Every structure is written in C-alpha cells, then in structure tokens.
Amino acid sequence: MKAHGAAIVWLGLVTACTASAQNTVGNGELFTGQYFAAKAPGTGTWHLQRRSETAITFAGGEVGNTFIAEVSMFRLRPLASPAEFEAFVKEGAARDVDPKYPDRYEPLEQWVKYSSERPYPCVRTRGVTRDNRAKGTKEPQLLEMDALYCRHPSEPTAGVAIMFSHRGLTRHATLRDEAERFSQGVELVARK
C-alpha cells in the first residue's frame, strides 16, 4: 500500500479516463477482493481501468466530460479521535496541490466532516478545484470530488478511500447522488 493524500489521488485519476471497450463492465457488476467488495457504478457506460488487491478504478464519460469511481487503500497512522481523523484528511487535502505548478490548480470549495454512517471511523469530503491548465483543452476545467475515507475494520494501519469524481467545463448536477450510490456499493471486508 502506498501512502497518499486526499486530493492528489483524484487530481491524478480524473485526468486519465480513456479505456478500451473490451474493459467495459456491467452496471452494478460486483468485484471482490481481500479487503473490500465494490460494485461498478449503476448507470452509464463504465470501463475497468485498474484492479488489484488494494484498488479498483472505473472510468466513464467522454473527452471533456469524464468520471472516475475508485476504491483504494492507503496507510493510516493511529488516530485517537474523530476530530483527529477529520484533521488528518483535511491536512492531506491541503498539501496535495502540486508545488511545481502552484497556478494550475485553484481550490474553490472544500468540505471535510467526520461521518458516523458506517460502524467504523469515516470522514466524508467534497471538493471542487479549477484546473487552469487542463490537458487536451484550452478552457479551464472543474474537478469535482465526493469521497468517503474510512479506517479498515480489520486492518488498523490501513484506510480506504471511496471516491467519485468528475472533470468537465461545468459542474455535474447529480454528482453527490451518484457518489452516494457508488459508496453504498462498497463493503469493506473484515478479515479474520
């Protein structure tokens, strides 16, 4: 497992969204692994972009209007309280803008809040960033992300990021609903 922060993961993933038709997955198709089980998003056409024991990435959309749905594991140090977990996620997002290109990414909104929606510690995040130098377009693009970061229930030094993101010229009106449906299709597997 690689350690990584909240925002750099989705900034990098949402930029690469081309996949061949041979990797097309069925809506709601279930993928199981050692640490989690995840269903592909339930609407639209999605492609399996990456799959391992610690990550699965689905890509959808078309050039100029792309989507990523991903589940990935990351290293997580011991955190004593919900407030500390929330601060950890917020801190990770704040330091993830690439220092080589300080004028490329312009954070517009960021929301981070501890969540009790699952029986293990989680933090829900939402963010919007403007990419002023997006590849393949002369126009700035918006990067939107809705994510749930959780401590894995049976791996004390592992976290799991469940992310749904969009990249395009305008905001995606149903992003939050689609992200919630994707998140509900992910179950963390408690190992014995």
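Two strands are taken to pair if DSSP finds at least two bridges between them. Strands themselves are DSSP runs of E with at least two residues, helices are runs of H or I with at least four, and both are numbered from the N terminus. The model is predicted: local features need pLDDT of at least 70, side-chain atom pairs count only at pLDDT 80 or more, and totals for chains, interfaces and linings use all residues. Residues are numbered from 1 along each chain as its sequence is written, and side-chain values use heavy atoms, leaving out hydrogens and water.

The average pLDDT (the predictor's confidence in each residue, from 0 to 100) is 85 for the protein. A score of at least 70 is reached by 85% of the residues. Over residues 1-20, pLDDT stays under 50. The model has 58 contacts (heavy atoms within 4.5 Å) beyond four places in sequence for this segment. Where pLDDT is low, the predicted coordinates should not be read in detail.

Strands β7 (residues 105-115) and β8 (residues 122-131) run antiparallel and are joined by 10 bridges. Q110 has G127 in β8 as its bridge partner. A hairpin of 6 residues links β7 to β8.

The largest nonpolar core holds 26 residues. Such a core is a set of buried Ala, Val, Leu, Ile, Met, Phe, Trp, Tyr and Cys residues joined through side-chain atoms within 4.5 Å. F36, F58, V71, F164 and F182 have the most contacts inside this core. At least two of its residues come from each of β3 (36-39), β5, β6 (65-75), β9 (141-151), β10 (158-168), α3 (175-184) and β11 (186-188). Beyond its neighbours within four places in sequence, V71 is in contact with residues including F36, A38, I56, I162, F182 and V186. Another core, of 13 residues, lies apart from the largest one and includes L76, L79, F85 and V89.

In α3, the buried residues (under 20% relative accessible area; exposed is over 50%, partly exposed in between, with a 1.4 Å probe and protein chains only) are L175, E178, A179, F182 and S183. These buried residues fall within an arc of 135° seen down the axis of α3, so they line one face of the helix. The arc is that of the directions from the helix axis to the C-beta atoms. R176 and Q184, on the other side of α3, are exposed.

T57 is part of strand β5 (residues 55-62). T57 counts as buried because its relative accessibility is 1%. The side chains of T57 and E70 are joined by a polar contact of 2.7 Å. A polar contact is a pair of N or O atoms within 3.5 Å; within protein, one must be able to donate a hydrogen and the other to accept it, and residues adjacent in sequence count only if both atoms are side-chain atoms.
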